[in-house]
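Here's a walk through this model, starting with one whole chain and ending with a few local details in another. Keep the structure open as you read.

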Amino acid sequence: MKKKFLLLLIAASAFSYASKAQDTVKTTADAPLVLYGSVDTYYKDDFSGHANIPTSFASDNNSVSIGMIDLGLKKTVGNASFVGELSFGPRNDQSIPTSGYHIQNLYVSYNLTSKLNATAGYMSTFIGYEVISPTGNFNYSTSYLFTNGPFQNAGFKLTYAFSDKVSLMAGIFNDEWNVYTSAHDVSTFGAQLTITPVKNWTAYLNVATGPTSGTEFDLTTAYQITTAFKLGLNAATFSPAHYSFGGTYGFEGVALYPQIAVSKAVTLGLREEYFKTKEASDPTLWTVEAHPGAPLPGGSVLGSTLTANIKAGPLTFIPEVRLDNVNKKENSTFTDSNGAPTTSASQFVLAAVYAF
Amino acid sequence: MKKLFIALLCLLAVKSAVAQKDLLSIDEHNKYIYYQVVQQPGLTVDTFQNRTAYFLKINYPKNKVNRDEPTESITGTGKLLMLTGISAAKHIDGEVNYTFNIEYKDQKYRYWLTDFVFTPYYVDRYGNSVPQPGIDIPLENGASKLEKGQLNNYSIQISNYSKQFGDRLKQYMLMISATPIKSDKKKVITTKDW
């Protein structure tokens, strides 16, 4: 009996190794079902004693809080692909305006030719440098440009690759950002010109414009100058539509992202951002509640964020110090430890992000 | 007896891992290499070349291939994905680009895969796994850039891939006709005449 058991064990282990060998030599064609995602948690301490900096996520002060669990599945067979990504947690809830909705990406894609791809569904926006998933950002807190721009767009797009260095995406998207269904129609036009001027430098020139959503022009670029040093830049300007769902203000700004790897496990990075809320066309419509992530109309803010990424396998620890300064007290929503209006706010965040 | 089982299993696991990693050697340029010389009596250089070209076309259609007539060799580049995770759902860690060389003499050929360079992937905003631009790690520098477990895992995957490349090549070299084996048309049965 023991001999039989031994033989069974050996056979099972041999089968296991054989299976592993077969799995590991598969190449890109018809890749296996891929599971990906992340979980994140953080502690934030605003030096005023209460939460001040209004950009997206990491909103709880003096609390060990959670971001979200993000679970994605994707599969490619031949020329057809799908991506489905679900998320749960406060970070999800703050990224999708419709309560109870939990989808970050849900789209299907088909390569019509080797150069032309068609994609339809609900997907992360093509605008901007930062993203909702904490694994896609170097800094844990987010920029004003990210907070005030679109997060997702639902629609249909075609992407044509002219060469390895130039491609163009053009699509038609729902009239409102960040929601699965349109309010009235599919009337936002979006386009992205991708250029790779030199190896390891990619620039994206983006536009999204529609009678409901307004118009945003955006430049997002990143250059891995050496193996250790990367420089990113995001600049954007937004003008609201006359009948804007989001209010009657516009914004403009620029953010620079230098990052340097100081060891195998540690990378240091700075985000230096200037952001300005344009004068409202009708100031009476302005409310802080409607525009929580921006200075008051006419005001500008300079945000400096120093962040470290410390990697331990799939886990990344992100300690971060941030200091934001608004140009004038009357444009600021910051308050000091006594609750009095002030022009500056600062915070420390320690986050942990596990990616799989 | 129980201890014997466990010891045997451990031994089996260690031997298997070591054997897979040992398929890669170091060449005179201090680069990892998978190198084989294969004797194939009765075959000429022309036959080897034709069968290799067909082998690459069928099995590695995305590889870039250069055919060098004067030196009677075929070279090229290819890539493979580095996967981790359970077999039902994989995570793509990155890709390894490599070069391959196949040279011929009458009745024998040799081939080698080398210049293994790992590029990590990241998941972009759309959920796609894409290469991180500017991060290229030669396998020889892996010890200083990658974690030990990662490096072992990738070395095993590269070894398996290289071995499979060689085994498939050998199969095609042995084929009497290097053309696809067409299946016979199914015999049509008529029920009228019997």
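**A tour from chain B to chain A**

Of the 194 residues in chain B, 40% count as buried. Bear in mind as you look around that this is a predicted model.

Let's stay with chain B for its overall layout. It has 4 helices and 8 strands. If you trace the chain from the N terminus, the elements come in the order α-β-β-α-β-β-β-β-β-β-α-α.

Now hop over to chain A and find the stretch of strands from β3 to β5. Strand β3 covers residues 80-88 and strand β4 covers residues 103-111, and the two pair in the antiparallel sense over 7 bridges. For a landmark in this pairing, look for A:Gly84, which stands opposite A:Leu106 in β4(A).

Strand β4(A) also pairs with β5(A), residues 116-124. These two strands run antiparallel as well, joined by 6 bridges. Which residue partners A:Tyr107 here? Its bridge partner in β5(A) is A:Gly121. To get from β4(A) to β5(A), follow the hairpin, which joins them through 4 residues.

Next, step back along chain A to the loop between β1 (34-46) and β2 (63-77), where you'll find A:Ala58. A:Ala58 isn't a glycine, yet its phi is positive, at about 45 degrees. Is this residue buried or exposed? With a relative accessibility of 7%, A:Ala58 counts as buried, because the cut-off for buried is under 20%.

The loop between β1 and β2 of chain A also holds A:Asn62. Here again you have a residue that is not a glycine but has a positive phi, this time of about 50 degrees. What about its surroundings? A:Asn62 has a relative accessible area of 54%, so it is exposed, given that exposed means over 50%.

Notes:
Residues are numbered from 1 along each chain as its sequence is written. Chains are lettered from A and ligands numbered from 1 in the order in which they are written. This is a predicted model: local features need pLDDT of at least 70, side-chain atom pairs count only at pLDDT 80 or more; totals for chains, interfaces and linings use all residues. Side-chain values use heavy atoms; hydrogens and water are left out. Buried means under 20% relative accessible area, exposed over 50%, partly exposed in between (1.4 Å probe, protein chains only). Two strands pair if DSSP finds at least two bridges between them.
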